[in-house]
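Here is a short briefing on side chains and how they meet. Keep the sequence and the 3D view open as you read.

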Amino acid sequence: MSGMRTPGPAPRTGPRNALTDVAGVRVGHATRTGDGRLTGVTVVLGPQDGMVAAVDVRGGGPGTRETDALDPRNLVPRIDAVVLAGGSAFGLEAAAGTMAWLEERGRGFRVGAGPTQVVPVVPAAALFDLGRGGRWTARPGAALGREAVEEAARAAVGATVPQGCVGAGTGAVAGGMKGGIGTASIVLPSGATVAALAAVNASGSLLDPDNGALYGAWTEVDGEFRAQGLRHPFPDPAVHARAQERLAAAREETRRRQSEEVRQLNTTLAVVATDATLTRAQAQKLAGTAHDGLARAVRPIHLLTDGDTVFALSTGRRPLVDDDGNGPADPTGWQVHTEMAAVNEILAAGADVLTRAVVHAALAARTADTPGGLFPSYLDLYGTPAGRPV
């Protein structure tokens, strides 16, 4: 499953192969299922001194909040948290719960001398999962945003991040197949860590229609996808044919269960983070190049019915270059990279880890069978009755 790689040391994942491998970054999920619900919220919480942040929105139907504040030309230099939510534009209310939690702790943009005289800037983005649990009005609010940030705050530093049908990925669907939360990380030869978390909910598909292979499977590092159950990247043709029949039948069943035809809007949301020190402009470039990772894993992408949004975060724990002005040695060992090359290494890694996070989301997802629809998982479609791939 490995693709062509540049010469040099083999890449390796972080200890958890997750966004939390970036020191100081924590992740919390709040999930709601049953009683017509299939939705949730995911909060990425930064260290006490905040994070440099940026965003790149490329989908034609975004639902966002406070993204203008991240423009490098604007005032706020650092933020404390990012909120990803289900519920379409209604779900943006979840950011209010996270904002209130931060205010109570005096975290935010300081506007006065009092301990809580702050305005927390909490960028947020929402994906469309309305009605997928069966009840149209089941959507996140401020209470779920508070629950998710509290869960993040309780998590140990470097904790494992739950994947699949949790948090903002609870009601996610990609091309009729169940989507969800996925995460991945890489430790670069320089020692810098780059990681991504994605809530995969796309109009496009994660599968090659000719053979059923996950588009992003070739990016595997350290056998990570095999560890999740992907034994063969290219399914047997007979298995693929049967899976396509089942997927088409599931789409038809979903239409039958919905009382009215629902226009399928989607949106894949992602956070890419690094411990390397980036300026706000460099972080914005990282958010942009990370979209390439989505384009490698989801086809088509960035449609009018998507709201694809990528946030980029830097905790600034590791300098781009050392005290002598040197960055990481190049793969041949004969040259020393400049700061520009060090940034380029992070930009390239951001795209790669986001592709891998999308694949993890597909492999961690589980079939959802609700009054609002039937959404089969990849492992159910392309696996044996025991749920393992053929």
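Is Arg-257 buried, partly exposed or exposed? Arg-257 is partly exposed, because its relative accessibility is 26%, and that value falls between the cut-offs of 20% and 50%. Note that this is a predicted model. The points below cover a histidine, some aromatic rings and the salt bridges.

- His-240 sits in helix α4, which spans residues 237-257.
- His-240 is buried, because its relative accessible area is 7% and buried means under 20%.
- The side chain of His-240 comes within reach of a backbone atom: the oxygen of Pro-209 is 2.9 Å away.
- The His-240 side chain also makes a polar contact of 2.9 Å with the side chain of Tyr-382.
- Leaving aside residues up to four places away in sequence, His-240 touches Asp-208, Pro-209, Asp-210, Asn-211, Gly-212 and Tyr-382.

**Aromatic pairs**

- How are two aromatic rings described as a pair? The distance of the centres and the angle of the planes are given.
- The structure holds 2 aromatic pairs.
- Phe-128 and Trp-136 make an edge-to-face pair, with 6.2 Å from centre to centre and 65° between the planes.
- Phe-128 counts as buried, because its relative accessibility is 7%.
- Trp-136 counts as partly exposed, at 41% relative accessibility.
- Tyr-378 and Tyr-382 make a stacked pair, with 4.9 Å from centre to centre and 20° between the planes.
- This pair counts as stacked because its planes are 20° apart, and the cut-off for stacked is under 30 degrees.
- Tyr-378 and Tyr-382 are both buried.

**Charges over rings**

- Which residue lies over the face of Phe-90? Arg-139 does, at 3.7 Å from the ring centre.
- Arg-299 places its charged end over the ring of Tyr-215, 4.2 Å from the centre of that ring.

- How many salt bridges does a search of the whole structure find? The search finds 18.
- One of them joins Arg-255 to Glu-252, with the closest N and O atoms 2.8 Å apart.
- Both Arg-255 and Glu-252 lie in helix α4, 3 residues apart, or about one turn of the helix.
- Arg-255 is partly exposed, because its relative accessible area is 40%.
- Glu-252 also counts as partly exposed, at 45% relative accessibility.
- Glu-253 and Arg-257 form a salt bridge through their side chains, at 2.7 Å from N to O.
- Glu-253 and Arg-257 are separated by about one helical turn, because they are 4 residues apart in helix α4.

**Other salt bridges**

- Arg-296 and Asp-352 meet through their side chains in a salt bridge of 2.8 Å, N to O.
- Why does this pair tie together parts that are 56 residues apart in sequence? Arg-296 lies in helix α5 (residues 280-297), while Asp-352 lies in helix α6 (residues 339-364), so the bridge ties those parts together.
- Arg-296 is partly exposed, with a relative accessible area of 28%.
- Asp-352 counts as partly exposed, at 33% relative accessibility.
- Salt bridges also link Glu-104, Arg-105, Arg-146 and Glu-150 in a network.

How values were computed
Residues are numbered from 1 along each chain as its sequence is written. This is a predicted model: local features need pLDDT of at least 70, side-chain atom pairs count only at pLDDT 80 or more; totals for chains, interfaces and linings use all residues. Side-chain values use heavy atoms; hydrogens and water are left out. Helices (H or I, at least four residues) and strands (E, at least two) are DSSP runs, numbered from the N terminus. Buried means under 20% relative accessible area, exposed over 50%, partly exposed in between (1.4 Å probe, protein chains only). A polar contact is a pair of N or O atoms within 3.5 Å; within protein, one must be able to donate a hydrogen and the other to accept it, and residues adjacent in sequence count only if both atoms are side-chain atoms. Contact means heavy atoms within 4.5 Å. Rings of Phe, Tyr and Trp (its six-membered ring) pair if their centres lie within 6.5 Å; planes under 30 degrees apart count as stacked, over 60 as edge-to-face and the rest as tilted. A charge sits over a ring if NZ of Lys or CZ of Arg is within 6 Å of the ring centre and within 35 degrees of the ring normal. A salt bridge is a side-chain nitrogen of Lys or Arg within 4 Å of a carboxyl oxygen of Asp or Glu.
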